[in-house]
Amino acid sequence: MSVSAPRVTVRSSFPWPLRALLGFLAAALAAAAGVAIYEYGRDFAGPDRRELVTHNEQLAVQLREIAAERDRSTALANAYEGELKVERAAQEQLMQQVRALEEEATRLKEDLAFYDSLLPAGKSDKGIVIRSFRLQPEDESQAQRMRFRLLIQQSGKADRDFVGSVQMEVRFTEKGGNFIYEMPESDATPERAKAFDLSFRHYQRLEGTFTLPTGAVAHSVLVRVLAAGETQTQQSFNL
């Protein structure tokens, strides 16, 4: 009990299970406080996760609706495109039919003129007669390529076939000069020359093509019918 006696510390003794329980409670309180702070900070800093999930679901629904609308629009556009192709095909077919009808009308007009030309000739018309002649461009895109149509008739009482040939002289201008294109050409092939031969009892039609030089303009054509080297008849046609 003197001053030099050792110090003594008095401590209460707790059982270890009690100490463990107190430690667990302290840890639980700390965890709860951390969660509360996290939730508070999340609510304060931004939207709640549930709101984000709801918003994402709404966006997904909108995306599906937009995709469905896009599919409907694509299907409708494809349908319109198919209809347009059908209409274009029908229009092209109609244009072809119109062109065919125009060509047929032209042929009918030519046939009408041809049959009109078969009417009995006048009393002054005897022997070989040039009944009709036509010269025109074969195609609008090829103005220099010309097509001619010629009808020759044997008037009067035809008791035998006429055998001969046709010669044509096409007079044209080119670059201010006057020129003559002769048919059949001097260098014509036998097949080409044969196309101008005549052999008929009542009438014969000749048809063919030739090409003028680029820039040439035809003005007149002289048609001559020959037999045994002699001219039987001839006629000039102005264009």
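# Reading a predicted fold, step by step

A: This model is predicted. Start with contacts along the chain. Of the contacts in the protein with a separation of 6 or more, 61% are between residues 24 or more positions apart.

Q: Which elements does the protein have, and in what order do they run from the N terminus on?
A: List the helices and strands, then read along the chain. This protein has 3 helices and 8 strands. Their order from the N terminus is α-α-β-β-β-β-α-β-β-β-β.

Q: How many bridges join β3 to β7?
A: To read paired strands, look at the bridges and the direction. β3 and β7 run antiparallel and are joined by 9 bridges.

Q: What joins β7 to β8?
A: Again, look for bridges. 8 of them join β7 to β8 (residues 230-238), and the two strands run antiparallel. Val225 is paired with Thr233 in β8. The two strands form a hairpin with 2 residues between them. In this hairpin, Ala228 has a positive phi near 55 degrees.

Q: Which residues of β5 are on its covered face, and which on its uncovered one?
A: Take the strand one face at a time. In β5 (residues 197-200), Leu198 and Phe200 make up the covered face. Asp197 and Ser199 make up the uncovered face. Now turn to β7: 9 of its 11 residues are buried, so the strand is mostly covered, taking buried as under 20% relative accessible area.

Q: How many residues does the largest nonpolar core have?
A: Count the residues, then find those with the most contacts inside. The largest nonpolar core has 28 residues, and Phe133, Met168, Phe210, Leu212 and Val223 have the most contacts inside it. β1, β2, β3, β4, β5, β6 and β7 each supply at least two residues of this core. Take Val223 as a case. Beyond its neighbours within four places in sequence, its contacts include Ile130, Phe133, Met168 and Phe237.

Q: Where is the largest pocket, and which residues lie nearest its centre?
A: Rolling a probe the size of a water molecule over the atoms shows where empty space is left. Here, the largest pocket holds about 430 Å³ of space. Its lining has 13 residues, with Glu102, Glu103, Thr106, Gln136 and Glu138 nearest the centre. α2, β1 and β2 each give two or more residues to this lining. α2 (49-117) gives the most, with 6 residues.

Q: What classes of residue line the largest pocket?
A: Sort the lining by class. It has 10 charged, 2 polar and 1 nonpolar residues.

Conventions
Residues are numbered from 1 along each chain as its sequence is written. This is a predicted model: local features need pLDDT of at least 70, side-chain atom pairs count only at pLDDT 80 or more; totals for chains, interfaces and linings use all residues. Side-chain values use heavy atoms; hydrogens and water are left out. Buried means under 20% relative accessible area, exposed over 50%, partly exposed in between (1.4 Å probe, protein chains only). Helices (H or I, at least four residues) and strands (E, at least two) are DSSP runs, numbered from the N terminus. A nonpolar core is a set of buried Ala, Val, Leu, Ile, Met, Phe, Trp, Tyr and Cys residues joined through side-chain atoms within 4.5 Å. Contact means heavy atoms within 4.5 Å. On a 1 Å grid over the protein atoms alone, a cavity is a set of points where a 1.4 Å probe fits but cannot get out, and a pocket is an open set with protein on both sides within 12 Å along at least five of seven lines; lining residues have an atom within 4 Å of a point. Grid points are joined across faces, edges and corners, and a volume is the space filled by probe spheres set on the points. Ala, Val, Leu, Ile, Met, Phe, Trp, Tyr, Cys and Pro count as nonpolar, Asp, Glu, Lys and Arg as charged, and the others, Gly among them, as polar. Two strands pair if DSSP finds at least two bridges between them.
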